[in-house]
Amino acid sequence: MQITRYNVRECRIKDKLLACDGFILASPNYIFSVSAQMKALFDRCNGLIHCMALEGKYAAVVETSGGGDDEEVISYMERFVNTLGARSVGGVGSPAAGVRTFPDEADLFGRAQELGRELCRSIAGQRRYPEQDEFIQNFRGRMAGLIDVMKEYWPFEREQWEKKRT
Ligand SMILES: Cc1cc2nc3c(=O)[nH]c(=O)nc-3n(C[C@H](O)[C@H](O)[C@H](O)COP(=O)(O)O)c2cc1C
């Protein structure tokens, strides 16, 4: 097995994330969290997180649930976005998706469309989100410290951080 970039094997999703300006994460609420498939993606992104490789990019988050607790899952996905260095423009969650009923469907789809527009506007205007920017800044310090400690073992990550600093 050859470990290549960002400590993960070839992964098409990762390459698309590195190439894009913005992305949308979508998951059902499975036991107050994301689906196992989405969590597998998160776990495979640890190299990207160590390098905060998506700094400057934007994301939107979509979630569905059977009964609710949408905010918990949306917040978790948004936190993941921030640990990559990217900013979240917001999230839309839909309860009652499990039984295929969408109360206030027009409102829900309207909010989803607006979220998409917000994603485009944020990319175009490089919008700032002060609360997230503070988190990202603090997390940046934490990751830079980690890479410093691990520099002997993680030459690829060290190189990425050297490039970031220049
Ligand atoms: C394994 C599993 C766990 C689930 N856990 C929750 C939950 O904790 N809270 C909730 O409101 N809905 C839960 N649901 C309902 C799903 O969120 C809902 O069915 C889904 O959002 C609708 O899309 P789908 O049926 O196409 O997967 C769960 C569904 C499954 C299959």
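Let's start at a charged spot: in this predicted model, Asp148 is partly exposed, with a relative accessible area of 49%. Its salt-bridge partner is Lys151, with N and O 3.4 Å apart, and Lys151 is partly exposed too, at 33%.

Salt bridges with shared partners tie Glu114, Arg117, Glu118, Arg121 and Arg127 into one network. Glu114 pairs with Arg117 and also with Arg121. Glu114 and Arg117 sit three residues apart in helix H5 (residues 105-125), so about one helical turn separates them. As a rule, residues three or four places apart on an α-helix point the same way, because there are 3.6 residues a turn. Glu114 itself is partly exposed at 33% relative accessible area, as are Arg117 at 43% and Arg121 at 37%.

| Salt bridge | N to O distance |
|---|---|
| Glu114 and Arg117 | 3.2 Å |
| Glu114 and Arg121 | 2.5 Å |
| Lys151 and Asp148 | 3.4 Å |

Now for the overall layout. The chain has seven helices and three strands, and from the N terminus on they run α-β-α-α-β-α-β-α-α-α. The radius of gyration is 17 Å, close to the 15 Å from the globule rule for 166 residues, so the chain is as compact as a globular protein of that length. The C-alpha atoms fill a box of roughly 55 × 35 × 25 Å along the principal axes. Buried residues make up 42% of the chain. Of the contacts with a separation of 6 or more, 73% are between residues 24 or more positions apart.

On to the inside. The largest nonpolar core has 31 residues, and Phe23, Leu25, Met77 and Leu84 have the most contacts inside it. S1, H2, H3, S2, H4 and helix H6 (130-150) each put in at least two residues. A second, separate core has eight residues, including Tyr58, Ala60, Leu115 and Tyr129. Nonpolar side chains do tend to be buried together in soluble globular proteins.

Glu63 is buried yet has no salt bridge: the nearest side chain of opposite charge, Arg111, is 9.1 Å away. Leaving sequence neighbours aside, the contacts of Glu63 include Ser27, Asn29, Gly68, Val73, Ile74, Val92 and Ser94.

Gly68, one of those contacts, lies in the loop between strand S2 (58-64) and helix H4 (70-83). At 10% relative accessibility, Gly68 counts as buried, because the cut-off for buried is under 20%. Apart from its neighbours within four places in sequence, Gly68 is in contact with Asn29, Glu63 and Pro95. The C-alpha atoms of Gly68 and Gly91, 23 residues apart along the chain, are separated by 14 Å.

Conventions:
Residues are numbered from 1 along each chain as its sequence is written. This is a predicted model: local features need pLDDT of at least 70, side-chain atom pairs count only at pLDDT 80 or more; totals for chains, interfaces and linings use all residues. Side-chain values use heavy atoms; hydrogens and water are left out. Helices (H or I, at least four residues) and strands (E, at least two) are DSSP runs, numbered from the N terminus. Buried means under 20% relative accessible area, exposed over 50%, partly exposed in between (1.4 Å probe, protein chains only). Contact means heavy atoms within 4.5 Å. Lys and Arg count as positive and Asp and Glu as negative; His and the chain ends are not counted. A salt bridge is a side-chain nitrogen of Lys or Arg within 4 Å of a carboxyl oxygen of Asp or Glu. A nonpolar core is a set of buried Ala, Val, Leu, Ile, Met, Phe, Trp, Tyr and Cys residues joined through side-chain atoms within 4.5 Å. The radius of gyration is taken over C-alpha atoms; the globule rule is 2.2 Å times the number of residues to the power 0.38.
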